[in-house]
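Thanks for coming, everyone. Let me put the model on the screen, and then I'll walk through it.

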Amino acid sequence: MSVKHKMIRAMFGLMGLPTCEEVEQFAYDFLEEALDSSTMKAVGRHLRACKNCQRFIAAYRKTAALGKMFEKPQLDPEFKESLFEFLVQKAGGRV
């Protein structure tokens, strides 16, 4: 982590705003407006001050929009069941 990044992180901490890493973690819920109002506002204030996170959220938004353009593939029910059983086995029988 560069000195500049450490200073920016400290500044956001002093301002009571989430760090860039926290903004990345909140990205999906922020775009879905699924965060509580105080977190939404804090992420919004962070975004107004941080060009890197603005670019990240813009790219995330575009990627999500592209993903919604494609239909979900329809899996054969037997294949789906055998895939599920395989994954359960690989997980040690835990679901």
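Some ground rules. This is a predicted model, where local features need pLDDT of at least 70, side-chain atom pairs count only at pLDDT 80 or more, and totals for chains, interfaces and linings use all residues. Residues are numbered from 1 along each chain as its sequence is written, and side-chain values use heavy atoms, with hydrogens and water left out.

The helix pair. H2 covers residues 20-31 and H4 covers residues 51-69. Their axes lie 10 Å apart, at an angle of about 35°. The crossing is right-handed. From H2, the contact (heavy atoms within 4.5 Å) involves Cys20, Val23, Glu24, Ala27, Tyr28 and Leu31. H4 brings Cys53, Phe56, Ile57, Tyr60 and Arg61.

Now Thr19. It sits in the loop between H1 and H2. Buried or exposed? Thr19 is buried, because its relative accessibility is 11% and the cut-off for buried is under 20%, with exposed over 50% and partly exposed in between, using a 1.4 Å probe and protein chains only. Beyond neighbours within four places in sequence, Thr19 touches Arg9 and His46.

Lys68, in H4, is exposed at 64%. Its C-alpha is 35 Å from that of Gly13, 55 residues apart along the chain.

Last, the surface. Leu75, Phe79, Leu83, Phe86 and Leu87 make a nonpolar patch, together about 450 Å² of accessible area. Leu83 belongs to H5, residues 77-90. Leu83 is partly exposed, at 33% relative accessible area.

Note on methods. Patch = residues over 30% accessible without salt bridge, like charges linked within 9 Å, V, L, I, M, F, W, Y side chains within 5 Å. Areas by Shrake-Rupley, 256 points an atom, 1.4 Å probe, with all protein chains shown as cover. Salt bridge = Lys/Arg side-chain N within 4 Å of Asp/Glu carboxyl O. Helix = DSSP H or I, 4+ residues; strand = E, 2+ residues; numbered from the N terminus. Axes fitted to C-alpha atoms, helices over the stretch in contact; angles between N-to-C directions. Left-handed = near helix turned anticlockwise from the far one by under 90°.
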